[in-house]
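Hi everyone, and thanks for coming. I'd like to walk you through a structure that may be new to you, so please have a look at it while I talk.

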Amino acid sequence: MARLLSDVTKKKLRRFRSIKRGYYAFIIFMVMVLLAAAAELWVSNRALLVKYEGQLYFPTYGAVITGNTFGLGYQYETDYRELKQVLSEQPGNWVLLPLVPWSPYEQDYSGNGYPPTAPSLASRHFLGTDSSGRDIVARLVYGFRTAVGFAFIALTASYVIGVMLGCLMGFLGGRFDLLFQRFIEIWSQVPFLYVIMILVSITQPNFALFVAINVLFGWMGITWYMRTLTYKEKARDYVLAARAQGAGTVRIIVHHILPNTLMMIVTLAPFTVVANISLLTALDYLGFGLPPPTPSWGELLRQGVNHLDSPWIVASVVSAVSLVLINVSFIGEAIREAFDPKHFSRYE
């Protein structure tokens, strides 16, 4: 891997590691992403491992196992918390449950009162339940996975469109540049929230719809940056030399200009992730986001505001949102500082 990196890139990575706040924030954020990606291993109502009558079962990522399989006398999916209690009295049979043995969609009304219920170690509702009796830890973890997936998918699609179009505008110039400048100016005036409200009212909102809408409006920001950088870079000597050697437009952009403008993409990406996570959370809070019962930070925040007598709800989601956004912001600041070309190059 080290051989694939240039000396300048290695210096940038070393500088990034030297900025401790951003480096540790990056480690924390990646750990959070990995934990969310493997959420079924520690937040799920399915057992990790069941040993029954000498046979091992792995329910977490497998097919549904009915209660009859374990002698519980019903045809629907096994309640593994109940199964653990039953098998605890049978030597040689046992159940290994996740740390948080609750699904984000599962409602628990087993307490003495009506939900929301306060945090409890006995029931393994470590942050309590929401107003529907669903575990808050499970809702937070799976909501984070949804938000991060939305942010990165929308970021990738928006940047592919914006970077390609911005490079072409800056490199080709002329009528092509003027045409897309006017198009962007007009399209940017379309009210984003109104479009969301209209589409949600006439169709069933889903994850793909919100990604598509975000991409439709999210590619314009990076386009302006790439247009400006490409316009400046195409006058450099290395581009003129490539042209003199007969390189075509695509080769010049991809192999020469784009690597020298990558700093802008890397710098803006973390802040775009913050914006995308905030956007989805805000839409869910306003009621224009993903349909219930999809795990969502915005929906959980709305519940917390409506149930201020249950402070564990709003405290949990505000802490989670703040932790993620602060960490990503620190990463963005460190990347911007580490990849600043003024530290590594100078144009005469």
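Let's start with the overall form. The protein has a radius of gyration of 26 Å, whereas a compact globule of 348 residues would have one near 20 Å. That radius is taken over C-alpha atoms, and the globule rule is 2.2 Å times the number of residues to the power 0.38. Along the principal axes, the C-alpha atoms fill a box of roughly 80 × 50 × 35 Å.

A word on what you are looking at: this is a predicted model, where local features need pLDDT of at least 70, side-chain atom pairs count only at pLDDT 80 or more, and totals for chains, interfaces and linings use all residues. Residues are numbered from 1 along each chain as its sequence is written, and side-chain values use heavy atoms, with hydrogens and water left out.

How many helices and strands does the protein have? There are 12 helices and 3 strands. Both are DSSP runs numbered from the N terminus, with helices being H or I of at least four residues and strands being E of at least two.

Next, some totals. Of the 348 residues in the protein, 43% are buried. Here buried means under 20% relative accessible area, exposed means over 50%, and partly exposed is in between, using a 1.4 Å probe and protein chains only. The protein exposes about 18,800 Å², and carbon and sulfur atoms supply 63% of that. Those areas come from the Shrake-Rupley method with a 1.4 Å probe; for residues, only the protein chains shown count as cover.

Among contacts with a separation of 6 or more, 65% are between residues 24 or more positions apart. A contact means heavy atoms within 4.5 Å.

As for charge, there are 29 positive and 22 negative side chains, and the centres of the two sets lie 15 Å apart. Lys and Arg count as positive, Asp and Glu as negative, while His and the chain ends are not counted. Each charge is placed at NZ of Lys, CZ of Arg, CG of Asp or CD of Glu.

Now to the strands. Two strands are said to pair if DSSP finds at least two bridges between them. If you want to find individual partners, Val-50 bridges to Tyr-57 in β2, and Lys-51 bridges to Trp-94 in β3.

The hairpin of β1 and β2 has 2 residues between the strands, and there Glu-53 takes a positive phi near 50°. Is Glu-53 buried or exposed? Glu-53 counts as exposed because its relative accessibility is 62%.

Let's move on to the loop between β3 and α4. Pro-116 is in this loop, and a cis peptide bond joins it to Pro-115, with omega about 5°. Arg-124 is in the loop between β3 and α4 too, and its phi is positive, about 65°, although it is not a glycine. With a relative accessible area of 29%, Arg-124 is partly exposed.

Gly-128 is another residue of the loop between β3 and α4, where α4 covers 136-172. Gly-128 counts as buried, because its relative accessibility is 0%. What surrounds it? Beyond its neighbours within four places in sequence, Gly-128 is in contact with residues including Thr-117, Arg-134 and Trp-312. The C-alpha atoms of Gly-128 and Thr-117 are separated by 5.5 Å, though the two are 11 residues apart along the chain.

Pro-293 sits in the loop between α10 (249-286) and α11 (297-306).

To finish, two helix residues. Thr-230 belongs to helix α8, residues 220-233, and is buried, with a relative accessible area of 0%. Leaving out residues up to four places away in sequence, Thr-230 touches Gly-166, Cys-167, Gly-170, Phe-171 and Ile-257.

Ser-201, in helix α6 (residues 192-202), is exposed, with a relative accessible area of 58%. The C-alpha atoms of Ser-201 and Phe-288 are 9.0 Å apart, and along the chain these residues are separated by 87 residues.
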